Amino acid sequence: RNSTPADGDAAARSRWDARGIDGLRCDFGQGLPPRCWEYIINRAKSVKWNFVFMSESLDGGAVTYRSGRQFDVLNENLVFAVKGAGSHSALAAAYEERRTAYGQGLVLLNTTSHDEQNYADPWAAVARFAANATMDGAPMVFHGQELGLQEFKGFDLMEVNFSKYIPHFKTYNSMMPLWSDTNFWNDQLATAYGDLNAARSASPALRSSHRWFLPGSNSQVYGVVKYEQEGVPAVEQDVVMAFVNLDLANDQGDSYAIPDLLAARIGLDDARLYNVRNIAAYERPPTVTGRKNALLWPTPMTGTELRTSGFAVSLNQVPASVGDWDTVPYEAQYLRLIDVTPIAPFRVTSIALVGPDVEVTCQTEAGRWYHLETGTDLTGWTTVVGNVRATGPSLVMTHAGGAGDLMRYYRVAASADSL
């Protein structure tokens with residue numbers, strides 16, 4: 001059942017609502033009349049409000065439009081279009097077709113499923129997943145893909161199902177061939193998928209429906225710009241320029257300039273300075289670290305330069321040797337735009353005791369990140385409130401329990417990006 005006020009506070013009710021099955025993938029969703037699905041879905045949600053229904057409608061067309069009215073998620077035939085796409089234009093066309101068909105409807109962004117044939121090269125699935133993860137919808141990694149699942153390899157038992165070689169799902173099966181695999185390249189797959197998922201989780205722009213495809217001169221580079229809101233200054237929102245190398249065997253690159261209309265949409269300021277970080281950069285601690293936080297352009301670029309001269313993108317192939325993973329790994333480039341214009345001087349305007357807490361108010365610049373630090377002397381500082389993004393000219397940060405000491409010092413640090 002759904003929780004009720006009698007079950008306790010918000011945390012207690014959340015724990016109650018999390019019980020049981022979370023959702024269903026309804027195979028051959030068009031097999032039941034829409035009114036039947038409406039009854040089933042409404043009846044289930046009356047018992048558990050957060051139960052998710054996903055319709056499998058791989059035939060596409062009108063049946064998926066009907067499913068889009070009742071179901072929370074559509075598992076339609078994007079999986080086939082993505083697998084067959086070998087260029088930027090083919091991927092962009094597939095995504096645009098779904099936007100035209102379903103509007104803001106939530107679409108499953110998968111590269112295979114339990115009864116679909118897998119890729120001969122598992123890194124081809126990574127490339128498609130990297131493109132999928134730039135779209136609004138629900139990206140999915142099929143179990144085993146992160147370990148090296150291939151068309152003819154991965155499970156103890158494989159079968160031919162409708163002329164497709166797939167893992168046997170009609171009997172007990174095991175992924176021990178994948179768990180036992182020691183191939184170094186396959187070992188990097190989990191890292192690659194993890195980097196992409198972590199980047200998407202940390203980026204409101206990547207998850208949003210606001211997008212602008214960037215068709216360069218190189219068809220093997222997929223490119224798209226994602227942003228949170230139209231017309232909001234870039235310094236005040238998340239903007240990501242995402243690029244994927246679709247050619248696993250060769251390095252690829254291209255140059256891009258931001259079109260004027262796109263510059264207006266993402267709030268690019270001609271006079272401000274920008275740099276980028278690849279939030280999906282490959283890392284393998286303790287050997288390969290620090291790449292996600294590195295600013296990639298040796299010299300910041302103004303908004304005018306981004307619109308006119310543009311910037312270059314270089315993407316690596318899947319490495320040919322183990323050593324190359326340390327220096328030239330295969331990775332998507334999810335380039336988060338960072339406003340690195342020097343932060344205007346500011347000061348703390350008040351420090352006030354509010355019961356057991358201390359409230360510190362400071363001047364701010366919208367879009368910048370502020371961090372409250374404290375110490376009992378002037379030699380050691382501890383961050384007690386961090387990564388607060390300002391939305392106006394001032395900000396109040398609260399140090400919970402800070403009023404308990406006879407003497408305490410406070411200062412505020414600012415940064416161009418979250419720390």
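Tutor: The side chain of R128 reaches the backbone oxygen of A85 at 2.6 Å. Keep in mind that this model is predicted.

Student: Why is R128 called buried?

Tutor: Buried means under 20% relative accessible area. R128 has 9%, so R128 is buried. R128 is found in helix α6, residues 122-132. Leaving out residues up to four places away in sequence, R128 touches V82, K83, A85, G86, Y95, T111, Y119 and L246.

Student: What makes E373 a buried residue?

Tutor: E373 has 14% relative accessibility, so E373 counts as buried. E373 sits in strand β18, residues 369-375. The side chain of E373 makes a polar contact with the side chain of R411 at 2.5 Å. Beyond four places in sequence, the contacts of E373 include W381, T383 and Y410.

Student: How do you know that E56 and R25 form a salt bridge?

Tutor: The limit is 4 Å from a side-chain nitrogen of Lys or Arg to a carboxyl oxygen of Asp or Glu. The closest N and O atoms of E56 and R25 are 3.1 Å apart. The pair therefore qualifies. E56 lies in strand β2 and R25 in strand β1, so the bridge ties together parts that are 31 residues apart in sequence.

Student: What makes K153 and D181 a salt bridge?

Tutor: Their N to O distance is 3.6 Å. The cut-off is 4 Å, so the pair passes. K153 lies in the loop between β5 and β6, and D181 in the loop between α7 and α8, so the bridge ties together parts that are 28 residues apart in sequence. K153 is partly exposed at 37%. D181 is buried at 18%.

Student: How many salt bridges does the whole structure hold?

Tutor: A search finds 26. Another of them joins E283 and K292, at 4.0 Å from N to O. E283 counts as buried at 18% relative accessibility. Shared partners also join E96, R99, D136 and R211 into one network of salt bridges.

Student: How many aromatic pairs are there?

Tutor: The structure holds 17. Take F152 and Y165: their ring centres are 5.0 Å apart and their planes stand at 50°.

Student: What makes the backbone of F162 stand out?

Tutor: Most residues other than glycine have a negative phi. Phi of F162 is near 50°, a positive value. S163 also has a positive phi, of about 70°, although it is not a glycine. F162 lies in the loop between β6 and β7, and S163 has its place in the loop between β6 and β7.

Student: Why are F162 and S163 called exposed?

Tutor: Exposed means over 50% relative accessible area. F162 has 73%, so F162 is exposed. S163 has 70%, so S163 is exposed.

Student: What kind of peptide bond joins P285 and P286?

Tutor: A cis bond, with omega of about 0°. Most peptide bonds are trans. P286 has its place in the loop between β12 and β13.

Student: Which residues make the nonpolar surface patch of about 500 Å²?

Tutor: L378, L406, M407 and Y409 make it. L406 has a relative accessible area of 94%, so L406 is exposed. L406 lies in the loop between β20 and β21.

Notes
Residues are numbered from 1 along each chain as its sequence is written. This is a predicted model: local features need pLDDT of at least 70, side-chain atom pairs count only at pLDDT 80 or more; totals for chains, interfaces and linings use all residues. Side-chain values use heavy atoms; hydrogens and water are left out. Patches are made of residues with over 30% relative accessible area and no salt bridge: like charges are joined within 9 Å, nonpolar side chains (Val, Leu, Ile, Met, Phe, Trp, Tyr) within 5 Å. Accessible areas come from the Shrake-Rupley method with a 1.4 Å probe; for residues, only the protein chains shown count as cover. Helices (H or I, at least four residues) and strands (E, at least two) are DSSP runs, numbered from the N terminus. Buried means under 20% relative accessible area, exposed over 50%, partly exposed in between (1.4 Å probe, protein chains only). A polar contact is a pair of N or O atoms within 3.5 Å; within protein, one must be able to donate a hydrogen and the other to accept it, and residues adjacent in sequence count only if both atoms are side-chain atoms. Contact means heavy atoms within 4.5 Å. Rings of Phe, Tyr and Trp (its six-membered ring) pair if their centres lie within 6.5 Å; planes under 30 degrees apart count as stacked, over 60 as edge-to-face and the rest as tilted.
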